[in-house]
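Hi there,

Here is the structure I promised to pass on to you. Have a look at it first, and then read on for what turned up.

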Amino acid sequence: MSAAVLATASILCASLDRVALSKALARLKHLVARRSAMPVLEHVLVESAGDHLALTMTDLAVFVRVSVAATVTAPGSLLVPLRKLAEVARSGARRAELAGASMILGGVTHRLATLPAVDYPAVPEPSGEVLATLLRPTLARLLAQTAYAISEDDTRPHLAALLVERCDGELRFVATDGHRLALARVPDNGPAFKVLVARALIKELARMVDAPDGLVRLHREGDRAWFVSGDEWVSGKVVDATFPSYEQVIPVVHDGSLSMPSGDLRELIHALAPRGTPAVKLALDRDAARVRLTVDDGDGNVTDGEVLASFSGALPEAIGFNARYLREVVGALTSEDATVTILMWGAVDPVRIDSAHGTTAVVMPMPM
């Protein structure tokens, strides 16, 4: 076989939907550093894989692979500048033809500055034990109900992560930043395990599960974890730290409780306390079976509203919350939640918030 034939055979050639390619690249573009010390990290690895193209991107901490259906006429791989490829894929003919460094859209040919695929960092393919399997919608809900409480302080890696564990016949997702705690759980029998997943990987996982169906499997081998769904996955190293003993900070007994429709409470908080609002005061009116929420900016501007509530036990007359914390806790409740129940001991003691689907949050109140 001639050298020319060999060269042609090594070129990746495929036909694919331009819009599908654009959407896939959109899930990867945030991993590209504005000014990377390693130019190769500004490139996406494109590989043929049967009836699809596998697109892999990394910032060295997290690896993400997405999949695009394609008709592959010549298998191969190459590195393409992600931003340039994303720019090309945003417009043009619906069908795109990829021929090595060239992307053809209708009558327009874009020649891209590619690199050899061998220059890319070694990609850790999924391996190891499958610890858990979840439906995508279930996993998406568990993440939404807990990820907001992950600390953004990377100097405290044990808090800048999400704990995933199986114990007592439950799969639990737990996060805390030291000021609030979020716990979500689903029934799940199997061997006990614990995995501490860094915030960066959780963000990529949330993007991956933003789809209507499919299964996600959690793999672990050594110090690395993968969340795999079909031909797509995200991967990163397991956080080597000790998560706080969260069960010890979740109050078990209480003096009193109030319950409110979660949808009404969510709408009222978002109306009263947009981003930047410092605090929200809850005044409890047993006689009217209502809770009045009040926001005072300290400059004489006061906004308030009411929500129906039911009460039991001994309760303080009023209690204050960091507005952001309360908004995120209530905002994480799913639309199927009928009520949210707040368990209290006093105006300055930790507050436990329970809702449907085994969701629990603990929030420290604010003095008002």
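Let me start with a pair of helices: H6 crosses H7 in a left-handed sense. Please keep in mind that this is a predicted model. H6 covers residues 262-272 and H7 covers residues 323-331. Their axes lie 9 Å apart, and the packing angle is about 145 degrees. On the H6 side, the contact is made by Ser 262, Leu 265, Arg 266, Ile 269 and His 270. Their partners in H7 are Leu 326, Arg 327, Val 330 and Gly 331. By type, the residues of this contact comprise four nonpolar, three polar and two charged.

In soluble globular proteins, nonpolar side chains tend to be buried together. The largest core here has 99 residues, and Val 44, Leu 55, Leu 282, Val 291 and Leu 293 have the most contacts inside it. Another core, of 11 residues, lies apart from the largest one and includes Leu 181, Leu 183, Phe 243 and Tyr 246.

Finally, a look at Ser 355, which sits in strand E24 (residues 351-355). Is Ser 355 buried or exposed? Ser 355 counts as buried because its relative accessible area is 16%, and the cut-off for buried is under 20%. Beyond residues up to four places away in sequence, Ser 355 touches Leu 333, Asp 337 and Thr 339.

Best wishes

Key. Residues numbered from 1 in each chain as written. Predicted model: local features only at pLDDT ≥ 70, side-chain atom pairs only at ≥ 80, totals over all residues. Heavy atoms only, no water. Axes fitted to C-alpha atoms, helices over the stretch in contact; angles between N-to-C directions. Helix = DSSP H or I, 4+ residues; strand = E, 2+ residues; numbered from the N terminus. Left-handed = near helix turned anticlockwise from the far one by under 90°. Contact = heavy atoms within 4.5 Å. Nonpolar A, V, L, I, M, F, W, Y, C, P; charged D, E, K, R; others polar. Core = buried A, V, L, I, M, F, W, Y, C linked by side-chain atoms within 4.5 Å. Buried < 20%, exposed > 50% of the residue type's maximum accessible area, 1.4 Å probe, protein only.
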